[in-house]
Amino acid sequence: MINSISEKLRAARKVVFVTGAGISQESGIPTFRGKDGMWRNYDAMKLATIEAFYDDPKLVWEWYNERRHNIFAAEPNLGHKAIAELEKYSEVVILTQNIDGLHQRAGSSQVLELHGSIVKIKCTVCDFKDEMYSEFSENPPLCTCGNILRPDVVWFGEGLPQDVWQKAIIHANNCDVMIIAGTSLVVSPANTLPIYAKQNDATLIEINPDNTIMTEDMDLSIRSTSAIALPELVSIFK
Ligand code: OAD
């Protein structure tokens, strides 16, 4: 099957990746759904909401502090590194739902973070925004204006940063190949990106140990983990 599309891959001028939690799973960062999707006794899906934050900001910050600790200690895996290496052979843009920064740390230069970043914080009231790499001295952390700070990430019920989203659509519309790695494709609007690519005749490839809701739309589905499959796939472009 890979042989049948290898010519298209070698001819590709622009490759867009859509990535999700699964690509960082082999770096030791838990995914959101399935057996990994619980933190203590809480459903990650329910904690990643504005309601949960206003209900119990200390609890949500405890979860984020643990995630910050875990992410800062993690290293990019062979999947992230393979994508970074592909820049030698093609234009590469990554549209990621991840907030962990591992694509950038692997060396990728064009990364659009659709759901924000774990290092970014902002005030819930004033315009203050910053990046924070060290631990907070209080929980919840407070802004100089006296109000609570929050992670600058996108929670359920919130819109994506519009400038980032508009650019993501443009890249999805004009790529030759889209590689969708480590995402269940159940969260909107990120899960519409493969549709933009397909409408413009891009070749769609999925890397996931399991089926996704778009498996039938793929030109190729690789049932493997990203740290195994991506180095092999990238070697075809060379
Ligand atoms: P999910 O947890 O929904 O899906 C992870 C996907 O990765 C699943 O389809 C797994 O089968 C697959 N997977 C697991 N291990 C893998 C591996 N080693 N290699 C490749 N694939 C693997 O995570 P996302 O699709 O990223 O948003 O979830 C999307 C959004 O939902 C997240 O960004 C987050 C979450 O709620 C917000 O918090 C707004």
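On a 1 Å grid over the protein atoms alone, a pocket is an open set of points with protein on both sides within 12 Å along at least five of seven lines, and its lining residues have an atom within 4 Å of a point. The structure discussed here is a predicted model, in which local features need pLDDT of at least 70 and side-chain atom pairs count only at pLDDT 80 or more, whereas totals for chains, interfaces and linings use all residues. Residues are numbered from 1 along each chain as its sequence is written, and side-chain values use heavy atoms, with hydrogens and water left out.

The second largest pocket has a volume of about 260 Å³, a volume being the space filled by probe spheres set on the grid points, which are joined across faces, edges and corners. Its lining consists of 15 residues, and Glu113, Gly116, Asp152, Val154 and Pro161 lie nearest the centre. Strands β6 and β8 are the elements that give two or more residues to this lining; strands (E, at least two residues) and helices (H or I, at least four) are DSSP runs numbered from the N terminus. The largest share, four residues, comes from β6. By class, the lining has four nonpolar, four polar and seven charged residues; Ala, Val, Leu, Ile, Met, Phe, Trp, Tyr, Cys and Pro count as nonpolar, Asp, Glu, Lys and Arg as charged, and the others, Gly among them, as polar.

Asp152 lies in strand β8. Asp152 counts as buried because its relative accessibility is 15%, where buried means under 20% relative accessible area, exposed over 50% and partly exposed in between (1.4 Å probe, protein chains only). Beyond four places in sequence, Asp152 touches Gly116, Ser117, Lys120, Ile121, Lys122 and Lys129, contact meaning heavy atoms within 4.5 Å.

A nonpolar core is a set of buried Ala, Val, Leu, Ile, Met, Phe, Trp, Tyr and Cys residues joined through side-chain atoms within 4.5 Å. This core has 26 residues, and Leu47, Val60, Trp61, Trp63, Tyr64, Ile118 and Trp155 are those with the most contacts inside it. Helix α4 provides the largest share, six residues. In soluble globular proteins, nonpolar side chains tend to be buried together.

A second, separate core has 25 residues, including Val111, Ala181, Leu230 and Ile236. Ala181 is found in strand β9, residues 177-181, and is buried, with a relative accessible area of 0%. Not counting residues up to four places away in sequence, Ala181 touches Val18, Thr19, Gly20, Ile23, Ile207 and Leu230.

Glu206 belongs to strand β10, residues 203-207. Glu206 counts as buried because its relative accessibility is 1%. Its side chain makes a polar contact of 3.0 Å with the side chain of Ser221 and another of 3.0 Å with that of Arg223. Such a contact is a pair of N or O atoms within 3.5 Å; within protein, one must be able to donate a hydrogen and the other to accept it, and residues adjacent in sequence count only if both atoms are side-chain atoms.

Helix α5 spans residues 78-86, and its buried residues are Gly79, His80, Ala82, Ile83, Ala84 and Leu86. These residues pack against β1, β4, α6 and α9. At the start of α5, a side-chain oxygen of Asn77 reaches to within 2.7 Å of the backbone nitrogen of Gly79.

Methods:
1 Å grid on protein atoms, 1.4 Å probe; cavity = no way out; pocket = protein on both sides within 12 Å on 5 of 7 lines; lining within 4 Å.
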